[in-house]
Amino acid sequence: GEQLAAFRTQDGQAYVVDAYCPHLGANLAAGGRVMGNCIECPFHGWQFRGEDGKCTHIPYAEKVPDFARVRTWQSCEVNGMLLVWYHCEGLGPTWAVPEQREIATKEWVFRGQTEHVVDVHIQEIPENAADTAHLTFLHGPAILGGSDLRYTRLKLWDFMKHTWKAEWQPEPEPNKHCSQLLLQHTATIFGKHVSLMDLKVSARQVGPGLVFLLFEHAFLGRGIILQTVTPLEPLLQNVVHKIYYQKNVPAIIPKFILRAECIQFERDITIWNNKQYLPKPLLVKEDSSIQKHRRWYAQFYSEKSTRVPVQKEGLDW
């Protein structure tokens with residue numbers, strides 16, 4: 001629900017500020033210009049410093065009022081992304097985003113990205129990591145079956161199966177804002193194990209909306225998919241997957257991995273776009289890690305967090 005303007009000053013530093021000029025509400029991101037280390041409003045030319053949001057220049061005024069400023073947001077550039085810290089009560093960052101060494105040293109290069117808008121409660125997307133039962137049922141059928149759930153279980157694709165072994169755990173202090181999912185992927189064709197498709201994946205969740213998916217393949221090398229979940233509204237999430245891979249591996253390999261991941265992710269999207277968030281789900285003993293995940297994820301909410309209204313029975317308005 002926040003409107004932001006991101007810009008890079010002439011000395012190369014990136015800043016994020018509120019999009020609307022406090023003067024008459026023009027959008028700094030729509031027609032604004034970078035002037036030195038400031039962003040200039042396209043309406044009257046007021047200039048705001050990226051560092052602290054202070055207005056430094058009004059072209060037609062003798063004096064700039066001391067209180068003239070635009071709100072700034074704490075941000076950092078890491079792993080080829082500009083990340084903004086958001087806390088609904090205005091508290092500052094309590095942890096930092098780790099740098100992926102191979103991206104920083106350019107050993108791994110960018111090989112593409114996908115972007116989806118999903119109608120779902122923000123918690124449902126990371127909760128997938130702890131829901132190991134859905135892996136076999138939803139993601140077991142061959143990726144050849146595509147992402148349309150009416151056809152994924154057709155007999156035609158029965159000759160191929162994906163098998164997933166998964167284990168989800170929260171991390172201890174000082175990384176209690178992180179969790180780890182270890183995945184072993186194997187595939188069978190006509191019941192025979194195809195070792196060429198063996199894949200080790202470790203998914204590290206950092207905070208509520210960032211995942212590092214590290215891939216390791218015996219022949220095809222190593223790489224990473226970075227997943228970001230950005231809430232646009234209480235029940236609307238923007239999800240981006242970016243893949244970085246060893247530069248000595250042909251680009252078609254990471255592009256195939258990203259495509260396969262996209263097909264599997266779109267199966268989840270069909271479920272998410274049509275499901276309801278249940279604060280008290282009916283769980284069996286084998287679902288215990290879902291409750292564990294919910295307790296872990298609860299740390300990212302605070303008193304003023306937007307609450308999704310729970311549907312009540314009856315016709316009370």
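Figure 1. Leucine 156 counts as exposed because its relative accessibility is 57%, and exposure is assigned over 50%. In this predicted model, leucine 156 is located in the loop that runs between α3 (132-139) and β11 (160-170). Together with Tyr151 and Leu154, Leu156 makes a nonpolar surface patch of about 300 Å².

**Figure 2. The division of the chain into two domains.** The chain is split into domain 1, covering 4-73, and domain 2, covering 101-295. When the centres of domain 1 and domain 2 are taken over C-alpha atoms, they are separated by 40 Å.

**Figure 3. A network of salt bridges that includes Arg101 and Glu102.** A search of the whole structure gives eleven salt bridges, and a network of such bridges links Arg101, Glu102, Glu107 and Arg222. Side chains of opposite charge can pair when their charged atoms come close. Glutamate 102 counts as buried because its relative accessibility is 6%, whereas arginine 101, at 47%, counts as partly exposed.

**Figure 4. The salt bridge between glutamate 124 and lysine 275.** The side chains of glutamate 124 and lysine 275 form a salt bridge with an N to O distance of 2.8 Å. Glutamate 124 belongs to helix α2 (residues 124-127) and lysine 275 to the loop between α4 (252-274) and α5 (288-297), so the pair ties together parts that lie 151 residues apart in sequence. Glutamate 124 is buried, its relative accessible area being 6%, while lysine 275 is partly exposed, with a relative accessible area of 37%.

**Figure 5. The salt bridge between glutamate 171 and arginine 204.** In the salt bridge that glutamate 171 forms with arginine 204, the closest N and O atoms are 2.8 Å apart. Because glutamate 171 is in the loop between β11 and β12 (178-189) and arginine 204 is in strand β14 (residues 199-206), this pair ties together parts separated by 33 residues in sequence. Glutamate 171 has a relative accessibility of 15% and therefore counts as buried, the limit for that class being under 20%.

**Figure 6. The surroundings of glutamate 40.** Glutamate 40 is part of strand β4 (residues 38-40), and with a relative accessible area of 14% this residue is buried. The side chain of glutamate 40 is joined to that of glutamine 47 by a polar contact of 3.1 Å. If residues up to four places away in sequence are not counted, glutamate 40 touches Gly32, Arg33, Met35, Gly45, Trp46 and Gln47.

Figure 7. Strand β16 (residues 221-233) contains leucine 232, a residue that is partly exposed, with a relative accessible area of 36%. Although leucine 232 and glutamine 3 are 229 residues apart in sequence, the distance between them in space is 9.8 Å, C-alpha to C-alpha. With residues up to four places away in sequence left out, leucine 232 touches Gly1, Val117, Gln237 and Asn238.

Figure 8. Most residues other than glycine have a negative phi, and most peptide bonds are trans. The peptide bond that leads from glutamate 173 to proline 174 is cis, with omega near 0 degrees, and proline 174 is placed in the loop between β11 and β12. Asparagine 79, although not a glycine, has a positive phi of about 55 degrees; this asparagine 79 is situated in the loop between β8 (75-78) and β9 (81-84), and at 4% relative accessibility asparagine 79 counts as buried. Phenylalanine 190, likewise not a glycine, has a positive phi of about 50 degrees, and its place is in the loop between β12 and β13 (192-193). Phenylalanine 190 is exposed, with a relative accessible area of 67%.

Definitions and conventions. Residues are numbered from 1 along each chain as its sequence is written. This is a predicted model: local features need pLDDT of at least 70, side-chain atom pairs count only at pLDDT 80 or more; totals for chains, interfaces and linings use all residues. Side-chain values use heavy atoms; hydrogens and water are left out. Domain bounds come from an automatic or database domain assignment. Patches are made of residues with over 30% relative accessible area and no salt bridge: like charges are joined within 9 Å, nonpolar side chains (Val, Leu, Ile, Met, Phe, Trp, Tyr) within 5 Å. Accessible areas come from the Shrake-Rupley method with a 1.4 Å probe; for residues, only the protein chains shown count as cover. A salt bridge is a side-chain nitrogen of Lys or Arg within 4 Å of a carboxyl oxygen of Asp or Glu. Helices (H or I, at least four residues) and strands (E, at least two) are DSSP runs, numbered from the N terminus. Buried means under 20% relative accessible area, exposed over 50%, partly exposed in between (1.4 Å probe, protein chains only). A polar contact is a pair of N or O atoms within 3.5 Å; within protein, one must be able to donate a hydrogen and the other to accept it, and residues adjacent in sequence count only if both atoms are side-chain atoms. Contact means heavy atoms within 4.5 Å.
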